[in-house]
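Me: Hi! I'm new to this one and would like a friendly walk through it. Could you take a look with me?

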Amino acid sequence: MSETVRPAAICRSLLAALDASEGRRKRRKRDQTPDTIGLVIKRRILERVVEEDPEPEEFEAWLLRYCQTRAAESHGAVSAMARAVLEEWQLAHRMGDFKAWLDRGAPSDDAESRQNR
């Protein structure tokens with residue numbers, strides 16, 4: 001991908017992907033407390049990126065500042081989710097298929113089966 005897409009645009013699509021993954025997560029038989037905590041943290045990061053719309057060249061520094069301001073939360077978990085968001089944003093720039101999937105609204109068989117119920 002030659003053009004740099006704004007982090008807010010990618011994060012908006014990643015929020016849609018999180019919504020689509022809910023069906024799969026809810027069907028798991030094991031304790032999902034850690035998954036839920038991580039997804040809540042990730043959702044907060046994605047929502048804040050969409051809200052603040054940082055510049056692409058400042059995104060990594062923006063995420064670092066975000067982590068540093070979250071002293072009341074689990075720093076390790078916030079840092080891990082921020083790292084995941086950064087990696088997904090970078091992946092969208094390196095892998096056209098991933099970006100195309102995000103552009104289509106991150107369609108998921110789980111989301112489709114939930115809608116048909």
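Reply: Happy to! One term to start with: a residue is called buried when its relative accessible area is under 20%, exposed when it is over 50%, and partly exposed in between. Lysine 99, with a relative accessible area of 12%, is therefore buried. Please keep in mind that this is a predicted model.

Me: Good to know. What does lysine 99 form a salt bridge with?

Reply: Its partner is aspartate 103, and the closest N and O atoms are 2.5 Å apart. Both residues lie in helix H5 (residues 96-103), four residues apart, about one turn of the helix.

Me: And is aspartate 103 buried or exposed?

Reply: Aspartate 103 counts as exposed, at 52% relative accessibility.

Me: Let me zoom out for a second. How many helices and strands does the protein chain have?

Reply: The protein chain has six helices and zero strands. Along the sequence, that reads as α-α-α-α-α-α.

Me: How much of the chain is buried?

Reply: Of the 117 residues in the protein chain, 39% are buried. The chain exposes about 7200 Å², and carbon and sulfur atoms supply 49% of that area.

Me: Back to salt bridges. How many are there in the whole structure?

Reply: A search turns up five salt bridges. One of them pairs the side chains of arginine 6 and glutamate 55, at 3.2 Å from N to O. Arginine 6 sits in the segment before helix H1 (7-27) and glutamate 55 in the loop between helix H2 (33-52) and H3, so this pair ties together parts that are 49 residues apart in sequence.

Me: What about their accessibility, then?

Reply: Arginine 6 counts as partly exposed at 29% relative accessibility, and glutamate 55 is partly exposed too, at 38%.

Me: New topic: aromatics. How many aromatic pairs does the structure hold?

Reply: It holds four aromatic pairs. In one of them, the rings of phenylalanine 59 and tryptophan 62 have centres 6.4 Å apart and planes at 20°, so that pair is stacked.

Me: Why does 20° make it stacked?

Reply: Because planes under 30 degrees apart count as stacked.

Me: Where do those two sit?

Reply: They are in helix H3 (residues 59-68), three residues apart, which separates them by about one helical turn. Phenylalanine 59 is buried at 0% relative accessibility, and tryptophan 62 is buried at 8%.

Me: Which residues form the aromatic cluster?

Reply: Phe59, Trp62, Tyr66 and Trp89 form one cluster.

Me: And which residues of H3 are buried?

Reply: In H3, the buried residues are Phe59, Trp62, Leu63, Tyr66 and Cys67. They cover an arc of only 140° around the axis, which puts them on the same side of H3.

Me: What's on the face turned away from that side?

Reply: That face carries the exposed residues Glu60 and Gln68.

Methods
Residues are numbered from 1 along each chain as its sequence is written. This is a predicted model: local features need pLDDT of at least 70, side-chain atom pairs count only at pLDDT 80 or more; totals for chains, interfaces and linings use all residues. Side-chain values use heavy atoms; hydrogens and water are left out. Rings of Phe, Tyr and Trp (its six-membered ring) pair if their centres lie within 6.5 Å; planes under 30 degrees apart count as stacked, over 60 as edge-to-face and the rest as tilted. Helices (H or I, at least four residues) and strands (E, at least two) are DSSP runs, numbered from the N terminus. Buried means under 20% relative accessible area, exposed over 50%, partly exposed in between (1.4 Å probe, protein chains only). A salt bridge is a side-chain nitrogen of Lys or Arg within 4 Å of a carboxyl oxygen of Asp or Glu. The arc is that of the directions from the helix axis to the C-beta atoms. Accessible areas come from the Shrake-Rupley method with a 1.4 Å probe; for residues, only the protein chains shown count as cover.
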